[in-house]
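Please look through the model below before reading the points that follow. They are written for a reader who is new to protein structure.

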Amino acid sequence: NKGYRSGLVKTILRCFQVIDWRLFISPFDGSSLTSRLTRIFTSCSLNHGFLLLVNHESHGPSQQDFEDIKQQSIKFFDLPEHVKRDCEMINSPHFLGYSRLGNEITAGEADWREQIDLATELPEPEKTEPLYKQLEGPNLWPDKKYAPDFQPVVTRYIEKMTQLSTT
């Protein structure tokens with residue numbers, strides 16, 4: 001019923017912090033405010049695992065970017081299996097790419113989900129670089145013939161999220 005859902009939403013909203021990005025970029029932002037916001041971010045991350053960041057469009061993804069990435073995600077998972085398998089994680093030494101349904105194992109159990117892991121596009125590391133650097137590298141993208149907008153939309157989204165996180 002409507003009253004129950006309304007109460008549930010209010011309960012959920014009390015469980016995590018909504019943070020207004022404008023407070024981070026305000027010209028009146030002093031060190032005490034920055035310190036307080038840092039504590040809020042840390043608390044939300046450690047105690048709840050998430051928070052809701054609002055009013056970030058000036059430094060990060062817009063609502064249209066969210067819509068675009070959502071649509072491309074839906075289209076990706078609707079692709080034929082052979083297209084998704086061509087960019088399967090098993091083909092990447094960098095642990096980037098597609099994982100089939102049930103292919104991921106968590107705590108000894110199969111995860112019944114498909115996923116694609118993508119990151120900031122980086123060049124292939126040199127073999128002489130430290131082992132941890134071998135985790136960085138190029139993404140595995142679906143064939144442009146089947147998903148022409150996927151790579152540009154994902155790349156733009158990653159760039160805007162990077163801009164937001166480094167502002």
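1. Basis of the note. This is a predicted model, in which local features need pLDDT of at least 70 and side-chain atom pairs count only at pLDDT 80 or more, while totals for chains, interfaces and linings use all residues. Residues are numbered from 1 along each chain as its sequence is written, and side-chain values use heavy atoms, with hydrogens and water left out.

2. Overall architecture. The protein chain contains 6 helices and 6 strands. Helices (H or I, at least four residues) and strands (E, at least two) are DSSP runs, numbered from the N terminus. Along the sequence their order is α-β-α-α-β-α-α-β-β-β-β-α.

3. Burial and contacts. Of the 167 residues in the protein chain, 26% are buried. Here buried means under 20% relative accessible area, exposed over 50%, and partly exposed in between (1.4 Å probe, protein chains only). Among contacts between residues at least 6 apart in sequence, 51% join residues at least 24 apart; a contact means heavy atoms within 4.5 Å.

4. The pair α4 and α6. Two packed helices are described by the angle between their axes and the distance between the axes. The axes of α4 (residues 63-77) and α6 (residues 150-166) come within 10 Å and cross at roughly 140°. Such axes are lines fitted to C-alpha atoms, for helices over the stretch in contact, and angles run from 0 to 180 degrees between N-to-C directions. The two helices, α4 and α6, are therefore oblique to each other: angles under 35 degrees count as roughly parallel, over 145 as roughly antiparallel, 65 to 115 as roughly perpendicular and the rest as oblique.

5. Residues between these helices. From α4 the contact is made by D65, F66, D68, I69, Q72 and F76, and from α6 by F150, V153, V154, R156, Y157 and K160. The residues of this contact divide into 7 nonpolar, 1 polar and 4 charged. In this scheme Ala, Val, Leu, Ile, Met, Phe, Trp, Tyr, Cys and Pro count as nonpolar, Asp, Glu, Lys and Arg as charged, and the others, Gly among them, as polar.

6. Q72. This residue of helix α4 is buried, with a relative accessible area of 8%. Leaving aside neighbours within four places in sequence, Q72 is in contact with D149, F150 and V153.

7. H56. In the loop between β2 (52-54) and α4 lies H56, which is buried at a relative accessible area of 8%. Not counting residues up to four places away in sequence, H56 touches W21, P61, F66 and L164. A polar atom of the H56 side chain lies 3.3 Å from the backbone oxygen of P61.

8. N103. The loop between β3 (97-99) and β4 (105-106) holds N103, which counts as partly exposed at 45% relative accessibility. With residues up to four places away in sequence not counted, N103 touches E88 and D111.

9. Positive phi values. Most residues other than glycine have a negative phi. F95, in the loop between α5 (81-86) and β3, has a positive phi near 60° and counts as exposed at 53% relative accessibility. A107, in the loop between β4 and β5 (109-110), has a positive phi near 50° and is exposed, with a relative accessible area of 76%.

How values were computed:
A polar contact is a pair of N or O atoms within 3.5 Å; within protein, one must be able to donate a hydrogen and the other to accept it, and residues adjacent in sequence count only if both atoms are side-chain atoms.
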